Amino acid sequence: MPQVGETWLHYKLLDFIGQGAMGQVFKAKDTRLDRDVALKFLLNTNLVKADHKARFVQEAKAVARLDHPHIGVLYALEQSREQMFLAMAYYQGQ
């Protein structure tokens with residue numbers, strides 16, 4: 001699983017934000033574009049069923065189609081080290 005301080009592709013993990021049923025979220029630095037982002041990692045992809053991966057991709061596609069001020073922007077669906085993750089806009093606060 002990802003750890004604070006690691007670099008995934010061009011994203012440097014800065015802080016752990018939280019965890020839900022399917023994933024963990026980290027604050028990260030996009031080193032290519034020099035901006036803070038949120039990365040949502042699918043939990044333990046080696047043990048996750050194929051339907052969980054499909055739901056994760058479906059979530060990414062659904063969010064990518066939306067354009068609304070109350071919905072965070074999805075930048076990318078990525079994969080590295082056999083881990084799938086979403087790169088999203090980072091919003092400070094609760």
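Author: A residue counts as exposed when its relative accessible area is over 50%, as buried when that area is under 20%, and as partly exposed in between. The model to which this criterion is applied here is a predicted one.

Reader: Why is Asp 34 called exposed?

Author: The relative accessibility of Asp 34 is 59%. Exposed means over 50%, and therefore Asp 34 counts as exposed.

Reader: What makes the contact between Asp 34 and Lys 29 a salt bridge?

Author: The criterion is a side-chain nitrogen of Lys or Arg within 4 Å of a carboxyl oxygen of Asp or Glu. For Asp 34 and Lys 29 the N to O distance is 3.9 Å, and the side chains meet in a salt bridge. Lys 29 itself has a relative accessible area of 27% and is partly exposed. Salt bridges that share partners join Lys 29 and Asp 34 with Lys 27 and Asp 36 into one network.

Reader: How do you know that Asp 36 and Lys 27 form a salt bridge?

Author: The closest N and O atoms of Asp 36 and Lys 27 are 3.8 Å apart. The limit is 4 Å, so the pair is a salt bridge. Asp 36 counts as partly exposed, at 28% relative accessibility.

Reader: Which parts of the chain does the salt bridge of Glu 6 with Arg 81 link?

Author: Glu 6 and Arg 81 form a salt bridge whose closest N and O atoms are 3.8 Å apart. The pair links distant parts of the chain, 75 residues apart: Glu 6 is in the segment before strand 1 (7-8), and Arg 81 is in the loop between strand 5 (74-80) and strand 6. In total, the structure holds six salt bridges.

Reader: Why are Glu 6 and Arg 81 called partly exposed?

Author: Glu 6 has a relative accessible area of 24%, and Arg 81 has 49%.

Reader: Why is Ala 28 called buried?

Author: Ala 28, in strand 3 (residues 23-30), has 0% relative accessibility. Buried means under 20%, so Ala 28 counts as buried. Phe 16, by contrast, lies in strand 2 (residues 11-19) and is partly exposed at 39%.

Reader: What makes up the lining of the largest pocket, and how is this lining divided by class?

Author: The largest pocket has a volume of about 190 Å³. Its lining residues include Ile 17, Val 25, His 70, Gly 72, Val 73 and Tyr 91. By class, the lining has 10 nonpolar, two polar and no charged residues.

Reader: Which residues make the nonpolar surface patch?

Author: Val 73, Tyr 75 and Tyr 91 make the patch, which covers about 300 Å². Tyr 91 is found in the segment after strand 6 (83-89).

Conventions:
Residues numbered from 1 in each chain as written. Predicted model: local features only at pLDDT ≥ 70, side-chain atom pairs only at ≥ 80, totals over all residues. Heavy atoms only, no water. 1 Å grid on protein atoms, 1.4 Å probe; cavity = no way out; pocket = protein on both sides within 12 Å on 5 of 7 lines; lining within 4 Å. Points joined across faces, edges and corners; volume = space filled by probe spheres on them. Nonpolar A, V, L, I, M, F, W, Y, C, P; charged D, E, K, R; others polar. Patch = residues over 30% accessible without salt bridge, like charges linked within 9 Å, V, L, I, M, F, W, Y side chains within 5 Å. Areas by Shrake-Rupley, 256 points an atom, 1.4 Å probe, with all protein chains shown as cover. Helix = DSSP H or I, 4+ residues; strand = E, 2+ residues; numbered from the N terminus. Buried < 20%, exposed > 50% of the residue type's maximum accessible area, 1.4 Å probe, protein only.
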